[in-house]
Amino acid sequence: MKNILVVFGTRPEVIKLAPVILELKKHNYDVTLCNTEQQKELSNQTLQYFGLKADINLDCMRENQSLISVQSRILQALDSVFESKTFDATIVQGDTMTVLCGALASYYRKIPVFHIEAGLRSYDIYEPFPEEIMRQMTTRVAELNFAPTEKNKEALLSENISEDKIYVTGNTVIDALFCLSNDTLNDAAEFFKRNNVIINNKLVLITVHRRENHGARIDKILDAIEHLAKEYADHTFIIPVHPNPNVHNKIYERLEKYTQIKLFQPLDYPNLVYLMKNAKLILTDSGGIQEEAPSFGCPTLVMRYETERQEGINAGVSVLVGADYEKIIDYSEEILSKSKVESRLKVQNPYGDGKSALRIEKIIRNYFSV
């Protein structure tokens, strides 16, 4: 039996790792789940939805911490984890501080690193910041790179990563969507009813949290949202508000007064998926939502200037608008002026087919049997 350490810390990591963790458990791996708690409440809440619980919680976050301080804290905490048990491999997913630290701590002990969602690139080291550098650095030490798409594989090959370390698997976020039962989505519908929110064909979902959108950029984004809320007052705008005070305080100060704008604390995964499924339009700077929205045919405006998820742009399911007031307004009005039926997209999701976890487990099994 192989001992696998899975390191995560944020809600998106949990969502995308859960199908792989569940698949590994089916095949009798000894799986240790380590939560750095980079997003403490969000990550633990999402684990519960998948019937999972962390074996190790590191409680690494502190208020108003610098990137350097959180990196050193996570690395030191992980060093103790590796002291406590012998592992045959470490699995990380994506491009967070947790991912980089998990990869480095494993590498320092010469334990193989398996990187899920490898090969995403913007090639702008400040867009997204600091994630672009974190995923590039993780690639350098990874023994297995699970690339969601052929484009991601090409990026890795162009960086001289050996082809025998790269596998195109699709994105596990699509697997996670298929874990949702009808009962779960019905529960989500009841949640919004209890909160006096009527979900109809005039729903706009908005998420904004990325570090590069703090400061002046979020002001421009909020200007655009205010304009849209006034012009389309018959629509419902739902914003799950990120707890970071750089985002949270500004959103509440600017938007709380509008009755057509519904501000929520961070939503659990099924409730967010329910909104994506029913939204007429999504405005987001999230990476995961860019991947999930195509499964529901929902037009998506990406409030970033660069995206490592170019496949959605090429397929016409999403548009880059950055924090550009005019672009956000123009593209939004093009969609909101139509009915939901007219604006629906009829394309196949370019990011996956829901079988990624099966492929990843098989590749890991073959790696250990060689």
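This is a short tour of a predicted model, stop by stop. Residues are numbered from 1 along each chain as its sequence is written, and side-chain values use heavy atoms, with hydrogens and water left out. Because the model is predicted, local features need pLDDT of at least 70 and side-chain atom pairs count only at pLDDT 80 or more, while totals for chains, interfaces and linings use all residues.

**Stop 1: the largest nonpolar core**

Select Val6, Ile91 and Phe192. Of the 56 residues in the largest nonpolar core, these three touch the most other members. Such a core is a set of buried Ala, Val, Leu, Ile, Met, Phe, Trp, Tyr and Cys residues joined through side-chain atoms within 4.5 Å; buried means under 20% relative accessible area, exposed over 50%, and partly exposed in between (1.4 Å probe, protein chains only). Helix H1 (residues 11-26) gives the most to this core, with 7 residues. Helices (H or I, at least four residues) and strands (E, at least two) are DSSP runs, numbered from the N terminus.

Now show what surrounds Val6. Beyond its neighbours within four places in sequence, Val6 is in contact (heavy atoms within 4.5 Å) with Leu17, Ile21, Val31, Thr32, Leu33, Cys34 and Ile91. A second, separate core has 31 residues, among them Ile206, Phe237, Ile251 and Ile329.

**Stop 2: helix H14**

Select residues 325-336, which form helix H14. Its buried residues are Ile328, Ile329, Ser332, Ile335 and Leu336. Display their packing partners: strand E8 (203-207), helix H9 (216-231), strand E11 (281-284), strand E12 (300-302) and helix H15 (340-343). At the start of H14, a side-chain oxygen of Asp324 comes to within 3.0 Å of the backbone nitrogen of Glu326.

**Stop 3: salt bridges**

Select Arg135 and Asp95, whose side chains meet in a salt bridge (2.7 Å, N to O). The term means a side-chain nitrogen of Lys or Arg within 4 Å of a carboxyl oxygen of Asp or Glu. Arg135 lies in helix H5 (residues 131-141) and Asp95 in the loop between strand E4 (89-93) and helix H4 (97-108), so the pair ties together parts that are 40 residues apart in sequence. Both Arg135 and Asp95 are buried.

Next, select Arg121 and Glu159, which form a salt bridge with the closest N and O atoms 2.7 Å apart. Arg121 is buried at 8% relative accessibility, and Glu159 is buried at 15%.

Definitions and conventions:
Expected span 1.5 Å × (residues − 1). Polar contact = N/O pair within 3.5 Å; in protein donor to acceptor, adjacent residues only side chain to side chain.
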